[in-house]
Amino acid sequence: MATDMSTALVDASGTVLGMLTPYQQQLSTIIQQCTGNPTTVGQAAQTYAAGASGSTQVSGSVGDVSRVLAEAWQGPAATAYGTAAQGLQSRATDASHRLQLQADSMHRVAQSQQEIQGQLTDLANTFGSLGNQLVAASRAVPPAAVPQLQAQAQQLGTAYAQQATQLKQSLSTVLAQEAAKLKQAKAAQPATTARPALPAFQQMYDWFYDCVQRQELGTKTAKDANGHLVTTLNAPRESRLRTVAGTPASMATRNQTTMANAVTTLGYPQNGALLNQANPPLTPQELAAARTHMNNIAAAQHATTAALVADQAVTAATTARDKAQKTLSTLTAQATQLSQSRPGSAASQAAVARQTAVLQQAQAKLNAKVQAAQQAAGPASALLANPAKFVQDHSNTGLSQGDLQNMLLAGAAARDPAKLTPADQAQVAALQQTLTAAGDLRVDAGTTKTLQEFRYEDLAGWQRLGVNNLDLGSGSVGQRIQDIAYSDPDHRTLTDAALQKYLTDARAQYNSGKLRSDDAVIQAAAKRQNGGNVPISKTQKRPYPDIIVDCYNQKKQAVAKAAAAK
C-alpha cells in the first residue's frame, strides 16, 4: 500500500528564522558599536609622524651647526650659544618623541579598527550565509527533526554572537591600552638625555638603502673600456633559490621584496596612495584577504614541516649537549682536584658541593632539552596517512591540489628517510607517482635543500603563489601588488616605502631613549628588512643586521675621511 510521505513533513523555516533573527540583530548592533574610520585615524597618524620627523630633523640640524661652529668659534658667546643650542636640541628631541608616541598609538588603533571591522563584516556575512542554508534546509522536514534544527540554530547564533562580542571587546581593550600608554607617557615626562645627534635622515637613509641593496642584489666586478676594474650592482632580480612552489620567494626589487613584506608595507596608512598605482587600484579588503591567505599558507606549511623542524631541533640539542659534556667533564675534574688538594678544608668541600650542584643542574637541563626535542619529533608524519584530508583542510590557501600535494611531499622528502615508517614511505612513493603522472612533481634535490636550509624562503614562495592566485573580481591581487613594485624603472617604489618606514621607526626609538647609537638604529631597521640574529646562510655566517651595520659604518667613515682631507 502506497503512503503519501509529504503529509509527514512540516515547514520549520519560520521557527528557525525566528530563532536566528535576534542573533542577526545582535551582530548588527555590535558592528554599529565598533564604528570609526581607520583611514582618517591613519591619516592623523601620518600627520603626527611627519611632525616627529620634522622635529628630529630640527634636532639633527641644530647638532650639525653646533659641531661646525665649535671648530671655529670659542669664548663666552660661543659657550652661551652652545648651551642654548643644546637646550633647543633637547626640546626638539623631546617633541619628536612625544609626537611619535602619538603617531604610533594612532597607527595601532587604525590597524586594529580596520582588522576588527573587517573580521566583524566577514563574521556577519558568514553567519547570514549559514543561517540561510539552515532555513532552506528546514522548509520540509519530519517533525522529529525540528528540535534538532532549533538546537542547531541556537548553537550557530550563540557561537557567532560570542565571536562578535570577543572582537568588540578586543577593540575596546586596544583603545583602553593605548589611552593608558599615552597617559602614562605624559605623566612620566622623562628627561631627555643629551646624546650625539643622528646624521640627517636623508644621509642616513642613503647609506642604509645602499647597504641593503648591495646585500640583497650582490655586486659584480668587470673591466671598463680602459681596462680598470669596476664594481657595479647587479640589476634587481627575484630570489634565485628554487622553491617547492615553483615561484621565486621575492620580487625583483631593490630589497628583494617578499609578498608578506609588500602586503605589510602597503598596509601602512602613509602608503595608502600606492594602492592607486595598481590597475585597477588595490583595496584594503584585498590586502586583508591577502594577509588571510598568507596566514593560512603558513599554517599549512608549518603542518608539513613540523616534523622536519623537530628533527633539526633534536640534532641541535644533541650537538649542544655533546659539546657541553666535554666542558662539564673538565669542570668535574677540576672540582675533584680541588677536593683532593685540600681534603680537610671546609671551604674546599663547600666549593666542591656548589660546583657539583651546578654541574648536575646543567646536565639535567641539557638532557631535558634533548628529551623535549625528541618527544616533539615523535608523531613524525601523521599527515601522510591521509593526503586527501590535508588538501581539503587547507583549501583556504588559494593553492591547487597539486600545490598542496607537493607541499606535503616536500615536508616528508626533506626528512631523514630513517624517520619515516614503511607506511609513510609508501605514501611518499604514491604521491611522487601521482604528481609525476600529472607532470607536476616539483620536489627534487634543489627544492628540498631550500626547504631544509631556508624554510622561510620556501614559505615566501608559497605565499607569493597563493596571493597571485587570489582574485576578488578585479584581477590577481599578487600581480597587481607586483605592478606597484615595478611601477618605477628602478623597481624601488616598495623598497623606499618599506626601508623609510623601518628607519623612521628606529630613529624614533633613538629619540625616545630606547636606542643609544646610530649603529643600534641601523641594526633595528635592518632586522625589519631581513630580521633575526642568526647567520643568513651557511657560507655567510654573520647575522644580516650586523652585515648592514658594518657596511653603514664603512660609508660613514669614508665620508668623514673625505671631509677631513679637504
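Author: What follows takes the charged residues one by one, then turns to a helix and a pocket.

The model is predicted. The protein has 566 residues, and 38% of them count as buried. It is built with 17 helices and 2 strands. Take the contacts with a separation of 6 or more. Of these, 74% are between residues 24 or more positions apart.

D458 sits in helix α13, which covers residues 455–469. D458 is buried, yet it has no salt bridge. How far away is the nearest side chain of opposite charge? That side chain is R455, at 8.5 Å. What does D458 touch instead, beyond its neighbours within four places in sequence? Its contacts there are T243, V244, Q301, T450 and L451.

Now the pairs. Side chains of opposite charge can pair when their charged atoms come close. The whole structure holds 12 salt bridges.

One of them joins D444 to R242. Their closest N and O atoms are 2.6 Å apart. D444 is in the loop between α11 (422–437) and α12 (445–453). R242 is in the loop between β2 (229–233) and α6 (259–267). The pair therefore ties together parts that are 202 residues apart in sequence. Buried or exposed? D444 is partly exposed, with a relative accessible area of 31%. R242 is partly exposed too, at 43%.

Next comes E286 with R480. Here the closest N and O atoms are 2.8 Å apart. E286 belongs to helix α7 (residues 284–341) and R480 to helix α14 (residues 477–485), so this bridge links parts that are 194 residues apart in sequence. E286 counts as buried, at 3% relative accessibility. R480 is also buried, at 3%.

The cut-off for buried is under 20%, so D440 at 23% counts as partly exposed. R442, at 17%, is buried. Elsewhere, salt bridges that share partners join D210, R214 and K555 into one network.

Go back to α14, the helix that carries R480. How much of α14 is covered? Mostly: 7 of its 9 residues are buried. The buried residues are V477, G478, R480, I481, Q482, I484 and A485. An α-helix has 3.6 residues a turn, so residues three or four places apart point the same way. A side-chain oxygen of S476 comes within 3.4 Å of the backbone nitrogen of G478.

Last, a pocket. The second largest pocket holds about 1100 Å³ of space. Its lining counts 37 residues. Which of them lie nearest its centre? They are Q114, E115, P284, A288 and R291. E115 and R291, both in that central set, are charged types. Five helices each give at least two lining residues: α2 (38–72), α3 (76–137), α4 (146–188), α6 and α7. The largest share comes from α3, with 12 residues. Helix α7 also carries E286, the partner of R480.

Conventions: Residues are numbered from 1 along each chain as its sequence is written. This is a predicted model: local features need pLDDT of at least 70, side-chain atom pairs count only at pLDDT 80 or more; totals for chains, interfaces and linings use all residues. Side-chain values use heavy atoms; hydrogens and water are left out. Helices (H or I, at least four residues) and strands (E, at least two) are DSSP runs, numbered from the N terminus. Buried means under 20% relative accessible area, exposed over 50%, partly exposed in between (1.4 Å probe, protein chains only). A salt bridge is a side-chain nitrogen of Lys or Arg within 4 Å of a carboxyl oxygen of Asp or Glu. Contact means heavy atoms within 4.5 Å. A polar contact is a pair of N or O atoms within 3.5 Å; within protein, one must be able to donate a hydrogen and the other to accept it, and residues adjacent in sequence count only if both atoms are side-chain atoms. On a 1 Å grid over the protein atoms alone, a cavity is a set of points where a 1.4 Å probe fits but cannot get out, and a pocket is an open set with protein on both sides within 12 Å along at least five of seven lines; lining residues have an atom within 4 Å of a point. Grid points are joined across faces, edges and corners, and a volume is the space filled by probe spheres set on the points.
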